[in-house]
Amino acid sequence: MENRSSVLHLATFEAPYPVQVLIFSLCLSMYLTITAANLMVLVTVAVSTDLHKPMHIFLCNLAIGDIIISTGGLPKQLQVLLTGDREILYVSCVAQMFTLHISGKNEILTLAMMSVDRYLAICYPLHYHTKVTAKRSIFTALLSWLIAIVTVSIIVILLLSLQLSEKNRQIQGIVCDNMGLLKLAVGDTSKMDVVSSSMVATLVVFPLCVVAYTYVRIFIECKNSSSAFRSKALHTFGTHFMALAVFFTSVLFDILLPRFVKDADSEGVNFRCAAQLVFLLSPIANVLIYCLRTLELRLAINTQFNKILRKVHFCPTIKVNVSDRG
């Protein structure tokens with residue numbers, strides 16, 4: 001059987017139907033909230049010239065990735081929860097994996113770039129505006145997408161060359177990912193294992209090392225600075241750290257759990273489904289964290305929202321004359 005015409009089966013939460021309806025309602029409301037909130041951030045930054053700064057450009061890059069992550073996985077699982085139909089074509093599965101992986105890798109690189117941006121702003125404030133410009137920020141944001149697309153494309157090419165098992169077509173999770181598809185392959189997968197491990201090292205471990213270095217330098221700088229400077233710097237650092245912690249916690253759970261969940265019928269699959277659901281819903285954290293803790297962005301969103309309300313309020317109404325009625 002050709003891989004392209006193969007039908008795979010996604011996992012879902014093994015729970016009574018009322019619980020599945022509750023999960024469906026939660027996922028739907030969260031998906032709509034994630035999409036609307038990130039679109040609001042994108043539009044606000046686009047129309048507010050005061051926000052055309054490097055940090056907000058990176059934030060927009062996160063918002064785009066967050067929309068793609070939630071859209072790549074949640075709608076299909078909503079269909080599964082609503083209809084019970086777990087089938088997905090192999091081609092669609094690979095496409096979903098490609099979408100989720102490039103968005104995840106872009107987010108990792110973007111968070112690393114944001115930590116470097118904060119490091120330069122705090123440790124080299126006098127040279128920050130000459131070192132970090134809007135054009136350079138846009139270029140690095142586009143570069144992160146290019147790196148993500150190229151690296152994930154290599155994985156996709158290797159995956160498409162593998163032959164699927166005829167007996168086992170069960171994905172151990174609510175979405176298709178590299179590890180889930182690799183478990184369905186037969187034959188020698190050592191090359192794929194080496195490539196996957198190398199990419200985890202370069203696109204997960206290395207960015208984390210960059211973040212750790214910038215954090216250490218920021219702490220050293222804060223230790224030798226005034227209390228006012230320290231308070232402002234730590235507020236900025238705390239905002240980035242919370243976004244980083246939420247994302248990497250969900251990613252690490254998603255990476256580590258497949259090593260422990262071996263059987264597709266195991267109750268442990270529910271834990272992997274939960275970990276993947278957390279990953280798909282984690283984009284809401286970025287919007288909440290940055291909107292609640294960044295005054296400039298919060299004021300800009302409030303201004304745009306008030307403008308919309310004023311336009312709606314002063315929208316002219318059509319009056320109908322009684323004498324004109326037939």
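Tutor: A salt bridge is a side-chain nitrogen of Lys or Arg within 4 Å of a carboxyl oxygen of Asp or Glu. The model before us is predicted.

Student: How many salt bridges does the structure hold?

Tutor: Side chains of opposite charge can pair when their charged atoms come close. Under the 4 Å cut-off, the number of salt bridges in the structure is two.

Student: Which residue meets glutamate 296 in a salt bridge?

Tutor: Glutamate 296 belongs to helix H11 (residues 295-313), and its partner is 243 residues apart from it, in the loop between H1 and helix H2 (54-83). The N to O distance of the pair is 2.8 Å. The residue that meets glutamate 296 is therefore lysine 53.

Student: Is aspartate 117 buried or exposed?

Tutor: Aspartate 117 forms a salt bridge with arginine 118, with the closest N and O atoms 2.6 Å apart. Arginine 118 is buried, at a relative accessible area of 15%. Aspartate 117 has 2% relative accessibility, which is under 20%, so aspartate 117 is buried.

Student: What distance separates the C-alpha atoms of leucine 26 and leucine 78?

Tutor: Leucine 26 lies in helix H1 (residues 17-47) and is partly exposed at 43%. Leucine 78 is 52 residues apart from leucine 26 along the chain, and the distance between their C-alpha atoms is 10.0 Å.

Methods: Residues are numbered from 1 along each chain as its sequence is written. This is a predicted model: local features need pLDDT of at least 70, side-chain atom pairs count only at pLDDT 80 or more; totals for chains, interfaces and linings use all residues. Side-chain values use heavy atoms; hydrogens and water are left out. Helices (H or I, at least four residues) and strands (E, at least two) are DSSP runs, numbered from the N terminus. Buried means under 20% relative accessible area, exposed over 50%, partly exposed in between (1.4 Å probe, protein chains only).
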